[in-house]
Amino acid sequence: MRNIEKDVAEWQNEGIIDQQTAAAIVAYEKHKQIPSGNTPLVIFAILGSILVALGISLMVAENWDFMSVWTKTAIAYCPMLLGQILVILAVYKHKNSIVWREASAAFLFLCTGATLGLISQTYQLQGTITSFLLLWMILVIPLMFLTRSNTAFLLSIAISTWYCATTYWTSGAGEWHYGWAFGATVLYLVWQILGKKDMRAVGMAAGFLLPISMTIALGTMFPEAESWAFIGYFALFQILLILFHKPALSEPRGWKAGLGVIGFCGILFLLFLSSFHWWLNQIAENLKWSDLADDTSAIIMLSALCILYVFLLFYPPGSRPKPAFVLLPFYGLILILSGINTNFAQILMNVLILLIAIWFIADGFREKNLLWLNTGLMIFSLLVILRFFDFQLSFFVRGISFLIIGAGFFVANRLLISARKEDEK
Amino acid sequence: MKNTFLKYLLPLFIIFQLVIVTQMVWQHAFTSQKGKEFRFRCAMYDPVHPFAGRYMRLNFNDLCVRSEQPFTEDNDMAYVTILKGDDGFAEPGMLSTRRPENTADYLEIAPDQQFMSYGRRDSCVRFRYPFDKFYLPEEDAPRAEKMVNEALRDTSVQVWVSVSIYRGNAVIRDVFIGERSLNAMLDD
């Protein structure tokens, strides 16, 4: 709040805005913000609820023997009942209190797991950790909608990701239950953003957590066709990058940063990984159409990702996609080509990375954007460095390469800064 | 979604949570009361469930049973009838993809508990029982594992678990070493 007041005072002094406008801006920002004294209270209340609930879970896992079955059953209901009472109070009595809302939802979320655990041990109920997590998910995911709790929202992302990873580790394949759970969290986020709720704090976290969850889950959907998962991942990262650049759902500011970071880093990681000969060799041996034909979930995921990718690329109608968004067809073709000629595929992949670096550098000069220019130079540098591990080059050649790249950094930045200064004049 | 609509949904959601948890308790109590008791020979070891605490993992001998219908890898739920052998211990009868109609003494076997036994001429299908955990107090679990391991080394003593079975559901009653309950031995 202090920043906006400082900025507004500066604009008023420079004569950019008048006093009336300045007052209106400050009043609007004050109205949007939670009173700053409440924020630590909310955070500590949430942490307190989580710790109390986890403490109850751990005490439950002790497996007390001296009580009768009915006593243990009655005690088993207590954590969940207490959580429900707190949620009812939060929704009906303390409707405007964020502290009540967030803390009660977090408490009920975790205590439901504690109750399920205690019932399981009291009655010797069988089942795996995945069935336990699935039941827990079904019982708690609606909570974020009913209480509009961002803590319940973040916990829902965590539990659905945990469920997906556990099913993969126990059975070798993901489960479709992750799909509806993940869909529910995305629905909540879109609902809150469209409803113009204050999502600044949690929006940034969600922008990172949701892509991370998708990244973990996607690999579990290719149990029989693992090599095809790389094309799926590339499609996912391209989709994230396109969503980051789309103007829709841009408020609150900065929440989509996670989409951009993970999308961009993911694409670069896959490109650089695929630039190695040994890796392309492995892909060439394992990328079989027959594996894909046998794996229904892989076909569905790959098709869904490609359809979504094409839709986002050309929507709204008439939009021209940026070059960074059309890498997927080339990447997919090169991987498939590796099965025919790995050496040629490696050359193509390295040329693709080089072209990306050149595009960033050229665009950086054209837009006079230092960040883009340096990103291009970094990509180029990394490409050269990684090739040191592939090809046997002498120290002299490596030294000269580093000198040229380092000098290139200095020269390119100097030229751009000079060009920007000339424009300002 | 308007606030008032959500406020009406909240009581329904709370009832839903209570109903699901109560249903778990009810199913156990019903099966325990109505079910027939069977004895299953087993071995055990002691892992940990992150929420329900320590338990003994029950291992049964390699279970292989003939099937009425041909089995493929993509199965739905299967049902195995349970019979009492001449020695008083339970044995699997026939595996079927249809729920048996002439007996209540059968178990539901989920797809992840079934697998084909390749290379055998009599189309034997291997499976796992749907019960494989016996929860114990935390401090007793290591002692229990030690007692069971000592008992397993003595061929004259049987380690077995008592299970009530009724219409596909199974409830573990207790674990026995010989004729003594494990819980009773731990209390001594």
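Predicted model: local features only at pLDDT ≥ 70, side-chain atom pairs only at ≥ 80, totals over all residues.
Chain A contains 19 helices and zero strands. Along the principal axes, the C-alpha atoms of chain A fill a box of roughly 80 × 70 × 45 Å. Of the 425 residues in chain A, 45% are buried. When contacts in chain A between residues at least 6 apart in sequence are considered, 72% join residues at least 24 apart.

The contact between the two chains involves 44 residues from chain A and 37 residues from chain B. Together, chain B and chain A bury about 3700 Å², and 65% of this area lies on carbon and sulfur atoms. Zero salt bridges are counted between chain B and chain A. Polar contacts are present, with seven residue pairs counted between chain B and chain A, both residues of each pair being at pLDDT 80 or more. On the side of chain B that touches chain A, at least two residues each are supplied by helix 1 (3–34), strand 4 (53–59) and strand 11 (133–135) of chain B. Helix 1 of chain B gives the largest share of this side, 18 residues. By residue type, the side of chain B that touches chain A comprises 24 nonpolar, six polar and seven charged residues.

Strand 6 of chain B spans residues 78–84, and five of its seven residues are buried, so this strand is largely enclosed by the rest of the structure. Strand 6 of chain B pairs with two strands that are described here in turn. With strand 8 of chain B (residues 106–109), the pairing is antiparallel and extends over four bridges. Within strand 8 of chain B, B:Leu107 stands opposite B:Val80. With strand 7 of chain B (residues 90–96), strand 6 of chain B is joined by five bridges, and the two strands again run antiparallel. B:Pro92 in strand 7 of chain B is the bridge partner of B:Ile82. Strand 6 and strand 7 of chain B form a hairpin with five residues between the strands, and in this hairpin B:Gly88 takes a positive phi near 90 degrees.

Over all chains, the whole structure holds seven salt bridges. One salt bridge is formed by the side chains of B:Arg41 and B:Asp87, with an N to O distance of 2.4 Å. B:Arg41 belongs to strand 1 (residues 36–41) of chain B, whereas B:Asp87 lies in the loop between strand 6 and strand 7 of chain B, so this pair ties together parts that are 46 residues apart in sequence. B:Arg41 has a relative accessible area of 34% and is therefore partly exposed. For B:Asp87 the relative accessible area is 44%, so this residue is also partly exposed.

A further salt bridge links B:Arg99 and B:Glu108, whose closest N and O atoms are 3.0 Å apart. B:Arg99 is partly exposed, at a relative accessible area of 42%. B:Glu108 has a relative accessible area of 23%, and this value places the residue in the partly exposed class.

B:Lys133 and B:Asp132 also form a salt bridge through their side chains, at 3.4 Å from N to O. The side chains of B:Lys133 and B:Asp132 are likewise joined by a polar contact of 3.4 Å. Both B:Lys133 and B:Asp132 are buried. The relative accessible area of B:Lys133 is 3%, so the residue counts as buried, the cut-off for burial being under 20%.

B:Lys133 is located in strand 11 of chain B. Strand 11 of chain B is one of the elements that supply at least two residues of the side of chain B that touches chain A. Residues up to four places away in sequence being left out, B:Lys133 touches A:Gln124, A:Gln126, A:Gly127 and A:Thr128 in chain A. Within chain B, on that basis, B:Lys133 touches B:Tyr55, B:Met56, B:Arg57, B:Leu58 and B:Ile172.

Conventions:
Residues numbered from 1 in each chain as written. Chains lettered and ligands numbered in written order. Heavy atoms only, no water. Contact = heavy atoms within 4.5 Å. Buried area = accessible area lost by both parts, 1.4 Å probe. Salt bridge = Lys/Arg side-chain N within 4 Å of Asp/Glu carboxyl O. Polar contact = N/O pair within 3.5 Å; in protein donor to acceptor, adjacent residues only side chain to side chain. Nonpolar A, V, L, I, M, F, W, Y, C, P; charged D, E, K, R; others polar. Buried < 20%, exposed > 50% of the residue type's maximum accessible area, 1.4 Å probe, protein only. Pairing = 2+ DSSP bridges.
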